[in-house]
Amino acid sequence: MEYTLPDQFNEIQPLAEEWAFADEAARNHKRRASSMAEIQGFYDAMRPQMDSAMTYLNGFKLADTPEEAKTVLYLALMFMEVSTAVEMYQEVDVPESFPAERYNILSPSADHFMTAG
Amino acid sequence: MNAPQTGPANAITARYPELGTGPVSTEAVISPEYFEKEREKIFKKSWLNVGRIDQIPSPGDYMVRDLDILNTSLIIVQGQDSQVRAFHNACPHRGNKVAQGKGNTKGFACGFHGWTFNTEGSLVFVPDEEQFFDFDKGDFCLKAVNCETWNGFVFINVEEQPSETLLEWVGELDRQLDGYPFDDMVCLGEYRAEVKANWKVVIDAFQEAYHVAFVHRRTATGAYTSPETPYCKLSAVELYGRNRRGSVYANPDFTPSPSAAVAFKHGPTFIQAAQADLDKLPVGVNPERTPNWGFDINVIFPNFRFDPGQGFYFADNFLPISVDQTLYEIRLYMPRPRNAGEMISQENTRVLLRDIVREDLNTLETTQEALNTGVMDTIRFSDQEILCRHQYKVVDDIVNS
Ligand code: FES
Ligand SMILES: [Fe+2]
């Protein structure tokens, strides 16, 4: 896995190795394995980058997304993953909810939509 | 003199006097005998949703569905002729299962002695065939189960001669939903959980909006309530025979979270796009054409729900395992993302829906535990919980028939 981001995303380069995942299940697992302080730190670092990340990514056809851009995409998806923790709970996982380990996430990976067709 | 009757103004339930307004016996959700009657009289005689065509999109694609309530395992397969069929997953030689999981195949080879069936269910190869007596391969197909699709949703019915076609079973909802762009959306999220609660306890949590202000106070209350409507409401409720529908109130003026605001710049989110193009919706989707609209709830009896909104829908199955165990499955559909911005935008909806559904499921196991004690012998439904009341009435009428 290549974690080097394009220069314009230097500020979030340090996040790439730990927070970039193609799968929803992997992102949710990472979220639940992190502390609230780690999640807040990730969210705060990503939030000012979201608009430029989406503009940058939209410069590619999905099927032609280069590897370094995929890492930006995975980080942006992770921002959405942790958004409810930061914005709604100030807790890592949904309070008063069905146990995460019994709620199986079977969603298609982001990579599924980056293949042609 | 009688005490004055009190009750809701503009009651929905008043339009359906056959439902009554009284309490409902808990027998329907705790009695093993009742559950066995449901198995025999309802599930073995109903069209049951087993998924959607996009799960087996190409010829040769198949999926195995183990349906505890029917005590059977089914193979749902798209034949080389593109027709979707269902078979009992049992080899006519000595009964072994011939398929597992899902995949794409030219046929099914039984792992016991190698009998091989094509995707249309015909037996095409028997090793050492001449050892059998008076044998004709044509006599030993996989046992077929009635299988039909409606708007891409795949249903099965294990009754030999179903009393209704699937289209008759869907009934008025077919006309109401005509034109909804089911086929223009792809499955973006899929989730599964085994819940220790009766299947009706589970589906009830998804066919009323009364709980929104409480269960979803952290996630969704802002979007689905307002100062004028502090308790989320169902409107445009219609009962169509065994089936039912209602629209869920939403407040388009709510303040979105920062991430939802980012998401909305690149695509429709759960609430914020609901007001656009209302007049293009099918007649039975947001029939009031109200901007205060989140999505609709539609239930096709007995255990399939699909909830269309603007730019998304979700569909869920409530598959009974035992009297107090249910396999719950939900799939979220949105337009196939055309670019990464849309994908990221959709992720906001996907994560929120996932968290919301985990809230929905949270109360069900403790509810079932309490009901199982027998301390209460009835539960009660408000006018706003009419879809739940309707479910019990329809089930009870069949179980006691
Ligand atoms: S049981 Fe299937 S080939 Fe014998
Ligand atoms: Fe809910």
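Predicted model: local features only at pLDDT ≥ 70, side-chain atom pairs only at ≥ 80, totals over all residues.
**Ground rules.** I number residues from 1 along each chain as written, letter chains from A and number ligands from 1 in written order. Local features need pLDDT of at least 70, side-chain atom pairs count only at pLDDT 80 or more, totals for chains, interfaces and linings use all residues, and side-chain values use heavy atoms, without hydrogens and water.

**Iron site.** I looked up the donors (N, O and S atoms within 2.8 Å of the metal; 3.2 Å for Na, K and Ca). B:His211 (NE2), B:His216 (NE2) and B:Asp360 (OD) coordinate the iron ion (ligand 2) at 1.9 to 2.1 Å. Their spacing along the chain reads H-x4-H-x143-D. B:His216 lies in the loop between α6 (212–215) and α7 (221–224) of chain B, and B:Asp360 in helix α9 (residues 340–362), 144 residues apart. I took helices as DSSP runs of H or I, at least four residues, and strands as E, at least two.

**Interface.** I counted contacts (heavy atoms within 4.5 Å). They join 44 residues of chain A to 45 of chain B. The two chains bury about 4000 Å² between them, 57% of it on carbon and sulfur atoms; this is accessible area (1.4 Å probe) lost on being put together, summed over both. In chain A, A:Phe98, A:Tyr103 and A:Phe113 lose the most area to chain B, together 19% of what that side buries.

**Salt bridges.** I found ten between chain A and chain B, each a Lys or Arg side-chain nitrogen within 4 Å of an Asp or Glu carboxyl oxygen. One joins A:Arg27 to B:Glu347, with the closest N and O atoms 2.9 Å apart.
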